[in-house]
Amino acid sequence: MHKFIAAAAGLAGLLLSGTAMAGKDLDAIKARGMLNCGVGIGTAGFMLADSQGKWKGLSVDVCRAVSAALFGDAEKVRYVPLTSQQRFTAVQSGEVDMVMGNATYTLTRDTALGLDFTGIFYYDGQSFLVPKKLGVKSAKELSGATICVAPGTTTELNLADYFRANKMSFKPVVIEKVDEIRAAFFAGRCDVYTTDASALAATRAANVPPPRTFDDFLILPEIISKEPLGPVVRHGDNQFADIVRWALYAMIEAEEYGINSKNVDEMLKSDNPAIKRILGVTPGMGKALGVDEKWVYTIVKQVGNYGESFDRNLGPESPLKIDRGLNKLWTQGGLQYAPPIR
Ligand SMILES: N[C@@H](CCC(=O)N[C@@H](CS)C(=O)NCC(=O)O)C(=O)O
């Protein structure tokens, strides 16, 4: 009998401590009043600080959405620029709370590294950027090429796999900082720059040093890998992971329901029960997530829905003009699909 009581008390203690532990990162973030979000060094459209030091981009907008859900204010974010080599250590050690560093969701990162991917904010794939004067039209013509690549990336691994599978050789030039990779490529220290196709498009649109222009470079047609890019948190705080997961889903769900930063106030009067739930007019979702009932309203009002952020940062309203492609909503033939907010 005593043994049973002791065991039950032990179990209750475990459950309680489990609950307490579940919020330890979230408690620290709230006490600090600031979200530490790891980002890249600087890639147009995803994460780039402007001349006033204000960070902008699709990845930055996901940090802002999390901040909006947590604090009712999208600007309570400290951005920490990290190289591909540094980003996972920085989140493991607690230097940052989350990483929006264009990190590809893979099994080993999600498990052995002690991390969690909380969704996919951009479906990408690896490609190759070449100067047109190299005279190459296909990746299959790259045998013997010198290729610039960042360490600690899936890029490095896919590159080796692709060349081996196609019985081709290459000489890697491994450089950690993305600005130094671009400089090396534009200086001709490598024939080819390989990374995610979106980052190549950004480099081609925003980083070509004059007098050369966008038209002097070409992204080869082959996409050699799947690069589903996701927000990253460390293991140990499920509640914080849930907030990061649902902040992104809220942006996607808002787009699906036609809720955007311009009409969100009007949408508060909608009769649609799903919209009422999403915007917190019918309460419950905020409580379940442990945030204010107006969390989605605040995200959409201050950051915009997924499509607005995409168009502004990467799409027609940006210099990049990247096609939505796989990142269209599922209702438009794409892969972006948020589970229901209910
Ligand atoms: N998605 C790949 C590669 C991502 C990556 O880190 N790429 C770097 C180096 S090319 C980058 O573009 N970083 C953006 C930046 O630092 O601004 C991965 O997760 O390993």
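Student: Is Val 303 buried or exposed?

Tutor: Start with the general idea: buried means under 20% relative accessible area, exposed means over 50%, and partly exposed lies in between, using a 1.4 Å probe and protein chains only. Val 303 has 3% relative accessibility, so this residue counts as buried. Keep in mind that this is a predicted model, where local features need pLDDT of at least 70, side-chain atom pairs count only at pLDDT 80 or more, and totals for chains, interfaces and linings use all residues. Residues are numbered from 1 along each chain as its sequence is written, and side-chain values use heavy atoms, with hydrogens and water left out.

Student: Where does Val 303 lie?

Tutor: Helices (H or I, at least four residues) and strands (E, at least two) are DSSP runs, numbered from the N terminus. Val 303 sits in the loop between α13 (295-302) and α14 (306-313).

Student: Which residues does Val 303 touch?

Tutor: A contact means heavy atoms within 4.5 Å. Not counting residues up to four places away in sequence, Val 303 touches Asp 61, Arg 64, Ala 65, Ala 74, Met 251, Thr 298 and Arg 312. Look at Ala 74 in that list: Val 303 and Ala 74 are 229 residues apart in sequence, with 7.1 Å from C-alpha to C-alpha.

Student: What share of the contacts in the protein joins residues 24 or more positions apart?

Tutor: Among contacts with a separation of 6 or more, such pairs account for 71%.

Student: What can I say about Phe 163 in helix α6?

Tutor: Helix α6 covers residues 154-165. Phe 163 has a relative accessible area of 1%, so this residue is buried. Leaving aside neighbours within four places in sequence, its contacts include Phe 128, Leu 142 and Ile 147. For Arg 109, 54 residues from Phe 163 in sequence, the C-alpha to C-alpha distance is 23 Å.

Student: Phe 128 brings us to strand β8. How many residues of β8 are buried?

Tutor: Six of the six residues of β8 (residues 126-131) are buried, so this strand is largely enclosed by the rest of the structure.

Student: Which strands pair with β8?

Tutor: Two strands pair if DSSP finds at least two bridges between them. Four bridges join β8 to β11 (residues 192-196), and the two run antiparallel. β8 also pairs with β12 (residues 217-219), again antiparallel, over three bridges. Leu 129 shows both pairings: Tyr 193 is its bridge partner in β11, while Ile 219 stands opposite in β12. For Phe 128, the partner in β11 is Thr 194.

Student: What else pairs with β11?

Tutor: Strand β9 (residues 145-149) pairs with β11 in the parallel sense over two bridges. Here Ile 147 has Val 192 as its bridge partner. Five of the five residues of β11 are buried, so β11 is largely enclosed by the rest of the structure.

Student: How do I read the radius of gyration of the protein?

Tutor: The radius is taken over C-alpha atoms, and the globule rule is 2.2 Å times the number of residues to the power 0.38. For 342 residues, a compact globule would have a value near 20 Å, and the protein has 22 Å, which agrees. Buried residues make up 52% of the 342, and the protein contains 14 helices and 13 strands.
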